Amino acid sequence: MRAIVQKVNGAKVEVLDAHDSPRRTTGEFEGEGLVVLLGITHDDGESAVETMARKICELRILDDEKSALDKSAPVMIISQFTLYADVRKGRRPSWNKAAPGPVAEPLVQQVIDRVRERGLTVYEGEFGAHMQVSITNDGPMTILIETE
């Protein structure tokens, strides 16, 4: 499991249902919080879910070296299979390391559920949808987390 965690001062995710339809907002917050782009690979399971949820909640990157849990800060979690792109050969990325939707979607949802169970407000993208994510990166502070 791999995540890009960004400290933000506001975020919004919109889903584009069709080319000419209006955007639909699935999550939005203002103020200090985190945006997490979350990628799943083939061998991820319960251990990776627990580790990732704990790291998201407890990572001390907010102001005053506090965590999202310390500050009850909102978290936006968006599935991002492209975190497992392999670009070593040629010009077209390979997605072979990314888990397929039927494997990845339940694991993304489990991470979201575990973060919520710890008392944080979680906003979500929509799995498999074309989304536009707007953030105000604060710092900027961007951290890569990988589980084993």
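1. What pattern does the protein chain follow, read along the sequence? The pattern is β-β-α-α-β-α-β-β, with 3 helices and 5 strands in the chain. Helices (H or I, at least four residues) and strands (E, at least two) are DSSP runs, numbered from the N terminus.

2. A quick word on the source: this is a predicted model, where local features need pLDDT of at least 70 and side-chain atom pairs count only at pLDDT 80 or more, while totals for chains, interfaces and linings use all residues. Residues are numbered from 1 along each chain as its sequence is written, and side-chain values use heavy atoms, leaving out hydrogens and water.

3. Now the rings. Searching the whole structure turns up 2 aromatic pairs (ring centres of Phe, Tyr or Trp, the latter by its six-membered ring, within 6.5 Å; planes under 30 degrees apart are stacked, over 60 edge-to-face, the rest tilted). Phe29 and Tyr123 are stacked, at 5.8 Å centre to centre and 25° between the planes. Phe29 sits in strand 2 (residues 23–39) and Tyr123 in strand 4 (residues 122–124), so this pair ties together parts 94 residues apart in sequence.

4. Buried or partly exposed? Phe29 counts as buried at 6% relative accessibility, while Tyr123 counts as partly exposed at 25% (buried is under 20% relative accessible area, exposed over 50%, partly exposed in between; 1.4 Å probe, protein chains only).

5. Then there's Phe81 with Trp95: their ring centres are 5.1 Å apart and the planes at 70°, so this pair is edge-to-face. Phe81 is partly exposed at 44% relative accessible area, and Trp95 is partly exposed at 36%.
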